[in-house]
Amino acid sequence: MARMTMIEAIRDAMDVKMGMDEDVVVFGEDVGYFGGVFRCTQGLQEKYGRHRCFDAPINESAIVGAGIGMATYGKRPCIEIQFADYVLPAYDQIVSEAARIRHRSNGQFTAPIVIRMPTGGGIFGGQTHSQSPEAIFTHVSGLKTLIPSNPYDAKGMLIAAIEDDDPVIFLEPKRLYNGPFDGHHENAVTSWAKHEKGEVPEGHYTVPIGKANVVETGMDVTILAYGTMVYVAQAAARENNIDAEIIDLRSLLPLDLDTIVNSVQKTGRCVVLHEATLTSGFGAELTALVQQHCFKHLEAPVLRVAGWDTPYPHAQEWHYFPGPKRVGKALKRVVEAQ
Amino acid sequence: MSDDKMPEATGPLSISIPEPPTRPGDAPDFSYIEVPKAGAVDCPPVDTKPEDMRDLAYSIVRVLSRKGEAVGPWAEFLGDDLNDESLLRGLKDMMKTRVFDARMLTAQRQGKTSFYTQCLGEEAIATGFQRMMRKGDMNFPTYRQQGLLIADGCSMFDMICQIYSNEKDNLDGHQLPCLYSFKDHGFFSISGNLGTQFVQAVGWAMGSAISGDDKISAAWIGDGSTAETDFHSGMLFASVYQPPVVLNIVNNQWAISSFNGLAGGRNAPFAARAHGYGFPSLRVDGNDYLAVLAASKWATERARRNLGPTLIEWVTYRVAAHSTSDDPSAYRPKEESDAWPLGDPLERLKLHLIKKGAWSEERHTQAMAEIESEVIAVQKEAEKYGTLNRGKGPDPEKMFEGVYKEMPDHLVRQRLEFEA
């Protein structure tokens, strides 16, 4: 089995699908000749030709809008938005069009499109290269929203997304591209080469959409996390000697509610993590579901640890980021609550 | 810069707030539209470079003269397409569209549907354009292109059931009346969000071309919606990738109460915008069925020969209210539609056919009566399956269907809750 970074795994997923299916086309800003600013599409144009992988003008609304048109023709566009922060001009096309075409045409037209975008902070990107917009997509019926946390899942989930017949938002935690970052920014970067999930099978395989992954089993508390926060959760639990059950949601919508409920009913305690701002974040949905389905099992209030309700600051990045220290505090509060 | 070279002060700055030349109570004034004589505009070969045909963006292609004769190079360009049988079919398509609209407008007033949009006065554009589309091509229409469906022979029964949101509604009540979806007729699901589909049509054509297919697409937008970002996005992608698409702007002068000057249409013709993007455009008399056929043939041929996109500005007038929720007497002179310099598309084609001896007033009256009977009969048949709020209607549970290909668990739970 090959060792891959998350970038290589994502590229490999597109490579595998482009090789299998002529209808898969890849485009976006700087993705053609140059191979993307994060190099996720490097070599694809050379291998599959300019008609299968090409550069697009700097117009996210047009990139998604044209992608929707192609998808309704019968293509399977896998398009890149350079940073999740830049997706907002395309929001109307995603919400009013991609998400609704199947329903409003009663199945006559469908838009099987994958919209990939790097998400999250930790690279000193300030307010325009750091945001986590998952909640603005999970709020929209008709979309699926995925966020892998490692190379193995990234490849399998991206292949599943390209094969899916509905529009998929594919969020790539950019701080995980080159290694499993646990929030300890003061430490040297650890690479995927030493991580078991950096082992990526060759060829085709899928990680099914809608299935969470129990990363660690434990009895004290359930931590619901996704993307970068999976590793922050692990660090915080380890450093505070808490026997946490850590669930990597992977697929926010559809959501694997059964795995969540089974875990919280077992532990009786729950902490929800995300990097996005707190208020009206996806954590609010998770918290509501946990209280609805696990109320009688809960021994402590469900706590959320998230980004502060501010724009993502530049200089104060690590004060903003919900790192292991803040997560650890919340874990202790929840575990120690009587 | 020394003091003596400073420009003189010109007083306080100001902006322009565009206003139409006339409002209710004023005499209509269409002096802003320069109408050339029929036949006066050249018909360049379809592979002409955009820079060699800029003048076509500033004039108006017209074929039918005031006397009802087909004149000039665009009539010649039509060649074999200009035959009596074809034109009679066009006349009947327009008549049917107009009768259909009138019946549905009344049905809305009777509470049989919530909403209706007529295309009164604009019938030639969609009915004529569709004649140049082929099976498998795709229109991305707005809610005023019902003529595409009529001209393609779409079942009026299916159209009316959709308008009534009754139990036979092909969209199961999911979508607003008139926002049809008929894939088999090359008619894309209408969004209702303005302009969003302009760029999708470009993407669809890109998909066809990337696949090495021979299918083309057509985008549709109103003058008001050219102000939307998506219009410019579509123009940009059409320019950059040169896909086989015809980009149609139906300039009917009004967007609800906003005159087209508010979309920038009085500073330069909408057609001129193509030249900023470097592809050809035609500005066409949209009330001249023959001009519509000719321009549609020109642009679709360009697309089919892989010569790239064409922008067409159809100059017409929205005789009808914007929708059944609108009252134009509140913002434009009542007599404005009578003063419209390009006349009525149906009357103009009728005059032409009568002049040629292919038609007569008697036959017209008889045909009108037949079409009315046909539409009324179909309407009655559709009403057997209910109208809005009368009859069974689409199954309520169907609102949960088609959100995704397979219903995810959270929707299954919601549907169970709904049923309980």
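**Exercise 1. Describe the area buried between domain 1 and domain 2 of chain A in this predicted model.**

Step 1. Take the area. Between domain 1 of chain A and domain 2 of chain A about 2,600 Å² is buried, and carbon and sulfur atoms give 60% of that.

Step 2. Count the residues. Domain 1 of chain A places 35 residues in contact with 31 residues of domain 2 of chain A.

**Exercise 2. Find which polar links and which elements of domain 1 of chain A take part in the interface with domain 2 of chain A.**

Step 1. Look for charge pairs. The rule finds one salt bridge across the interface of the two domains of chain A. Arg250(A) and Asp153(A) meet through their side chains in a salt bridge, at 3.2 Å from N to O. This pair qualifies because the cut-off is 4 Å.

Step 2. Assign the elements. On the side of domain 1 of chain A that touches domain 2, two or more residues come from each of helix H6 (134-138), strand E6 (144-146) and helix H7 (151-163).

Step 3. Sort that side by class: 13 residues are nonpolar, 16 polar and six charged.

**Exercise 3. Describe the contact between chain A and chain B by residues and area.**

Step 1. Chain A brings 41 residues to the contact and chain B brings 43.

Step 2. About 3,500 Å² is buried between chain A and chain B, with 57% from carbon and sulfur atoms. Of the area that chain A buries against chain B, 21% is supplied by Tyr73(A), His103(A) and Arg104(A), more than by any other three residues.

**Exercise 4. Determine how many salt bridges and polar contacts join chain A and chain B, and which element of chain A gives the most residues.**

Step 1. The count between the two chains is one salt bridge. Lys405(B) and Asp165(A) have side chains that meet in a salt bridge at 2.5 Å, N to O.

Step 2. Polar contacts across the interface of chain A and chain B number 27 residue pairs, with both residues at pLDDT 80 or more.

Step 3. H3(A) gives the most, with 10 residues.

Step 4. By class, this side of chain A has 17 nonpolar, 14 polar and 10 charged residues.

Definitions and conventions
Residues are numbered from 1 along each chain as its sequence is written. Chains are lettered from A and ligands numbered from 1 in the order in which they are written. This is a predicted model: local features need pLDDT of at least 70, side-chain atom pairs count only at pLDDT 80 or more; totals for chains, interfaces and linings use all residues. Side-chain values use heavy atoms; hydrogens and water are left out. Contact means heavy atoms within 4.5 Å. Buried area is the accessible area (1.4 Å probe) that two parts lose on being put together, summed over both. A polar contact is a pair of N or O atoms within 3.5 Å; within protein, one must be able to donate a hydrogen and the other to accept it, and residues adjacent in sequence count only if both atoms are side-chain atoms. Helices (H or I, at least four residues) and strands (E, at least two) are DSSP runs, numbered from the N terminus. Ala, Val, Leu, Ile, Met, Phe, Trp, Tyr, Cys and Pro count as nonpolar, Asp, Glu, Lys and Arg as charged, and the others, Gly among them, as polar.
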